Amino acid sequence: MATTPRARSDVPYVCTACGTTSLRWVGRCGNCGEWNTLGPASVRVHRPGRTPAANPTPAVALRDVSTEGARPLPTGVSELDRVMGGGVVGGSVTLLFGPPGIGKSTLLFQVLSSVAAGGVDVMLASAEESLTQVSGRAARMGPVPRHLLALEGPDVEAIEAAVGRHRPALVVVDSLQSVSDPDLAQPAGSLAQVRACVERLTRLAKSSGVPLLLVGHVTKDGDLAGPRAVEHLVDTVLSFDGDRHHALRVLTSVKHRFGPTGEVGIFEMRDDGLRPVPDPGPLMLGDRMAGVPGSVVVPVLQGRRPLLVEVQALLGPGTGGGAGVASRPHTLGIDAARANLLVAVLACRTAVDVPVPAEFFVAAVGGITVSEPAADLAVALAMASVVGRRPVPADLVVFGELGLAGEVRSVPGADRRLAEAHRAGFTRALVPASALGDATASAAATPAGLVVHGVRTLAEALEVAGTEAGSRTGPGTMPGWSTVRAASNRSTTRWR
Ligand code: TYD
Ligand code: MG
């Protein structure tokens with residue numbers, strides 16, 4: 001029989017899964033519910049952050065405090081600088097998290113290379129990979145600058161010492177799951193270790209003025225043995241995501257103490273590293289086949305940045321036959337529950353003859369995940385288009401949220417979405433009628449040539465897009481756009 005450690009009030013215990021401390025040993029952690037995760041917390045040998053209370057810090061007049069240190073220094077990796085409001089702030093701590101294999105090490109290595117190429121020392125603390133592995137990756141990305149220093153090993157104390165010795169302008173710690181504080185008994189990667197290391201590294205950044213970039217892994221389903229639990233300890237949290245099997249990578253700021261959040265950076269993973277993509281249009285829509293039923297383009301907002309995404313729908317072999325309950329749509333990059341609601345809206349609020357059962361497949365192309373309700377109209381139109389076997393015009397973009405009554409509801413950022421569609425060469429847009437006020441208000445600043453149709457219902461949208469079932473034109477054809485416009489009494493605006 002396993003022996004249970006005796007509870008002793010002078011030996012606190014720490015859960016290795018969530019970091020919660022307990023005065024008594026218990027078999028199951030009261031906080032996270034994990035079994036057999038409590039172990040004795042070790043006693044710290046020294047406490048570097050501790051200052052004697054005899055010399056308390058005085059308060060100062062806030063207006064006399066210099067903002068000099070908060071000015072970001074550009075790293076030269078343009079899309080990262082964009083997300084961080086210009087660059088990295090001295091003494092700040094940034095956490096970059098994302099699933100394994102997405103390109104975190106690659107991105108931060110490029111940041112180090114870029115800064116080192118300017119002639120200042122930078123340092124990579126590689127706790128996860130050997131320096132041989134690191135140089136293997138580096139070799140794929142071109143010559144390594146002389147000023148790029150590297151330190152191998154998990155010991156957080158060695159990182160502190162190396163920063164003191166070399167005074168680098170920037171330090172990357174890769175990764176948080178691999179560094180460890182030798183004063184703690186817990187294994188590297190346990191929450192207690194991750195927390196302790198982030199605390200030490202944060203103190204290091206603040207005391208030395210050296211900015212730190214820390215890598216943290218999360219699993220694909222967003223479960224994170226660590227990184228998210230230390231978000232509150234750091235200044236900036238960046239998420240790096242995308243589909244490993246696609247080239248597109250999206251960098252988003254989740255938290256940023258030195259500027260606005262929600263800014264998005266886009267990269268393409270190539271053989272020689274990550275390439276910033278200032279104009280993602282060609283990458284997103286480059287392989288699009290015009291004139292195929294079931295394909296609709298929607299300008300989504302990633303942060304404040306509009307991105308044109310192709311939504312595709314297909315009817316599977318399990319479709320039709322009359323009997324049976326409609327199956328939920330199979331989705332990729334589109335919220336399945338929303339797509340399911342949209343099938344119901346399409347069947348109940350429009351004349352589209354949705355087959356029963358209907359086996360819909362709906363996907364956002366390019367490995368991107370679209371979570372915005374603004375994509376509702378595109379998803380519904382793509383499904384209607386595939387049911388009616390009528391393509392949506394290739395030069396049309398659509399956006400709008402759909403309600404259960406079949407109404408098209410307004411979404412934020414109509415003017416930014418329209419501007420991006422126009423820039424990419426689209427000439428027509430289907431938008432919520434209620435959004436037209438916004439769009440036309442700022443239309444003065446936009447170039448000519450985009451015809452914007454405001455629609456109030458999904459049925460109206462189908463009519464304008466020419467995907468309406470039982471439309472006057474024959475199956476497989478599309479009504480001429482001019483006919484639709486002439487016949488339409490809806491609000492139509494041409495941007496001037
Ligand atoms: P990596 O940066 O090691 O990912 P992470 O640190 O997030 O775990 O990169 C992972 C993948 O990127 C790897 O499978 C190979 C690929 N890759 C390229 O396609 N091109 C490149 O130039 C490099 C360096 C990596
Ligand atoms: Mg890595």
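**Burial, pairing and patches**

Biologist: Why is Arg82 called partly exposed?

Modeller: Arg82 has a relative accessible area of 34%. Buried requires under 20% and exposed requires over 50%, so 34% falls in between and Arg82 is partly exposed. This value, like the others here, is computed from a predicted model.

Biologist: What makes Glu79 buried?

Modeller: The relative accessible area of Glu79 is 2%. That is under 20%, so Glu79 counts as buried.

Biologist: How do you know that Arg82 and Glu79 form a salt bridge?

Modeller: Their side chains meet with N and O 3.5 Å apart. The cut-off is within 4 Å, so the pair qualifies. In general, side chains of opposite charge can pair when their charged atoms come close. As for position, Arg82 and Glu79 are 3 residues apart in helix H1, which means about one helical turn separates them.

Biologist: What makes Asp181 and Arg200 a salt bridge?

Modeller: The closest N and O atoms of Asp181 and Arg200 are 3.0 Å apart, and a salt bridge needs them within 4 Å, so the pair counts. Asp181 is in the loop between strand E7 (171-174) and helix H5 (191-208), while Arg200 is in helix H5, so the bridge ties together parts 19 residues apart in sequence.

Biologist: Why are Asp181 and Arg200 both called buried?

Modeller: Asp181 has a relative accessible area of 0% and Arg200 has 2%. Both values are under 20%, so both residues are buried.

Biologist: How do you know that Arg200 makes a polar contact with Glu160?

Modeller: The contact is between the two side chains, at 2.8 Å. A polar contact has N or O atoms within 3.5 Å, so that distance meets the limit. Arg200 and Glu160 also belong to a network of salt bridges that includes Glu157, Asp181 and Asp183.

Biologist: What makes Asp235 and Arg257 a salt bridge?

Modeller: The closest N and O atoms of Asp235 and Arg257 are 2.9 Å apart, and the limit is within 4 Å, so this is a salt bridge. The pair links distant parts of the chain, 22 residues apart: Asp235 is in the loop between strands E8 (212-217) and E9 (236-242), and Arg257 is in the loop between strands E10 (248-256) and E11 (264-270). A search of the whole structure finds 19 salt bridges.

Biologist: Are Asp235 and Arg257 buried or partly exposed, and why?

Modeller: Asp235 is at 5% relative accessible area, which is under 20%, so Asp235 is buried.

Biologist: Why is Val60 called exposed?

Modeller: Val60 has a relative accessible area of 62%. That is over 50%, so Val60 is exposed. Val60 lies in the loop between strand E3 (38-40) and helix H1 (78-83). With Leu62 and Val65, Val60 makes a nonpolar surface patch of about 330 Å².

Biologist: How many residues, helices and strands does the chain have?

Modeller: The chain has 496 residues, of which 49% are buried, and it has 12 helices and 22 strands.

Terms used:
Residues are numbered from 1 along each chain as its sequence is written. Chains are lettered from A and ligands numbered from 1 in the order in which they are written. This is a predicted model: local features need pLDDT of at least 70, side-chain atom pairs count only at pLDDT 80 or more; totals for chains, interfaces and linings use all residues. Side-chain values use heavy atoms; hydrogens and water are left out. Patches are made of residues with over 30% relative accessible area and no salt bridge: like charges are joined within 9 Å, nonpolar side chains (Val, Leu, Ile, Met, Phe, Trp, Tyr) within 5 Å. Accessible areas come from the Shrake-Rupley method with a 1.4 Å probe; for residues, only the protein chains shown count as cover. Helices (H or I, at least four residues) and strands (E, at least two) are DSSP runs, numbered from the N terminus. Buried means under 20% relative accessible area, exposed over 50%, partly exposed in between (1.4 Å probe, protein chains only). A polar contact is a pair of N or O atoms within 3.5 Å; within protein, one must be able to donate a hydrogen and the other to accept it, and residues adjacent in sequence count only if both atoms are side-chain atoms.
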